[in-house]
Amino acid sequence: MGTTLSSAHYALTSWLEILGLTNSDIVIKNMDQAQVLKAFESNECDGVALWAPHMFVAANKGAVMAADVRTAGKGNPVVLVADTQYAEKYPDITASFLGVFLRAVDAFKKTPAEDLVAEYQRFYKTFVGKDYDTALALKDLQYHPVFSLEEQLELFDDTGAPSQIQRWQSSVAAFFRDINRITSDEAQKVEDGKYATNTYLKLVK
C-alpha cells in the first residue's frame, strides 16, 4: 500500500527493479499516507511505501525498512527550476539566488540538528497545519542530506559523461513514463536529464 505518483512510489519501483520485478507484479493500493500507516498498524498489507514523518512513526511501531531511494541506487533531489529565458538573460542574478540558497545550506550543515528542531516544527505547523513530534522531527532532519556548493558541483559534474544529477533525473523521467504519467514524446524531452545544468553553480561566488 502506498501513495502513487509520489516519491514513495518511485522508491518502491526502484526496489522492485533490483528484485527483477515491476509494478505489475504486485498489487498496489493507492491511499494517502495517514491511511497507509493505519493499514500497516492493522496488518492489512504485506508492505507499505511511506515518507516522513509517517515512515518514522511506522519504524517506532516495529516496521523494518526494506529499501529507500538511496539504497536502491537512485536519487530524488529537491530541484530548483529557473525560467530558461530569464536565467540566460540574467545569469548573475540567477547565480546570486543560488548563493543565498547555498548560504542557508551551509548554515544548516554547521548547525546541530537538535538546534533546528523547534524551527522545523514551526515550519511544519505552518505548512501542514499539524504538530510534529520532537523526536520524529529530529529523525527527519538527520535523515535528509543537504549538499554544499562543492558537493553540488561534484554531483553536477558532467565531464565526459552524464552527471550524477542527470542520471537521477533521467531515472525519474523513466519512472513517470513507465507509469503513464507522461507520454513517450514528453519523456524524450527530459530523459537525458541535460536540463540539470551546473552553469549557474559555477558562477556562484
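Colleague: What makes the contact between Glu119 and Arg122 a salt bridge?

Modeller: The term asks for a side-chain nitrogen of Lys or Arg within 4 Å of a carboxyl oxygen of Asp or Glu. The side chains of Glu119 and Arg122 come to 2.7 Å, N to O, so the pair passes. Bear in mind that this is a predicted model, where local features need pLDDT of at least 70, side-chain atom pairs count only at pLDDT 80 or more, and totals for chains, interfaces and linings use all residues. Residues are numbered from 1 along each chain as its sequence is written, and side-chain values use heavy atoms, with hydrogens and water left out.

Colleague: Why are Glu119 and Arg122 about one helical turn apart?

Modeller: Because both sit in helix α6 (residues 113-128), three residues from each other. A helix here is a DSSP run of H or I with at least four residues, a strand is a run of E with at least two, and numbering starts at the N terminus.

Colleague: How many salt bridges turn up in the whole structure?

Modeller: Six. One of them joins Lys74 and Glu17, with N to O at 3.0 Å. That pair links distant parts of the chain, 57 residues apart: Lys74 is in the loop between α3 (54-60) and α4 (84-89), and Glu17 is in helix α1 (residues 7-18). Lys74 is buried, at 18% relative accessibility, whereas Glu17 is partly exposed at 46%. Another bridge brings Asp131 and Lys125 together at 3.4 Å, N to O. Asp131 is exposed, with 66% relative accessible area, while Lys125, at 41%, is partly exposed.

Colleague: What makes α1 and α9 roughly perpendicular?

Modeller: Helix α1 and helix α9 (residues 164-178) pack at about 95 degrees, with their axes 11 Å apart. That angle makes α1 roughly perpendicular to α9, because 65 to 115 degrees gets that name, while under 35 is roughly parallel, over 145 is roughly antiparallel and the rest is oblique. The axes are lines fitted to C-alpha atoms, for helices over the stretch in contact, and the angles run from 0 to 180 degrees between N-to-C directions.

Colleague: Which residues make the contact between α1 and α9?

Modeller: From α1 there are His9, Tyr10 and Thr13, and from α9 there are Trp168, Ser171, Val172 and Phe175. Contact means heavy atoms within 4.5 Å.

Colleague: What puts Val117 in the buried class?

Modeller: A relative accessible area of 7%. Val117 belongs to helix α6. Not counting residues up to four places away in sequence, Val117 touches Thr134, Ala137, Leu138 and Leu141. The C-alpha atoms of Val117 and Thr134 are 6.8 Å apart, though 17 residues separate the two in sequence.

Colleague: Which residues does the cis peptide bond join?

Modeller: Ala52 and Pro53, with omega about 0 degrees. Pro53 sits in the loop between α2 and α3.

Colleague: And what does the chain look like overall: how many helices and strands does it have?

Modeller: There are 10 helices and zero strands. Buried residues come to 34% of the 205 in the chain. The C-alpha atoms fill a box of roughly 55 × 45 × 25 Å along the principal axes.

Key
Buried means under 20% relative accessible area, exposed over 50%, partly exposed in between (1.4 Å probe, protein chains only).
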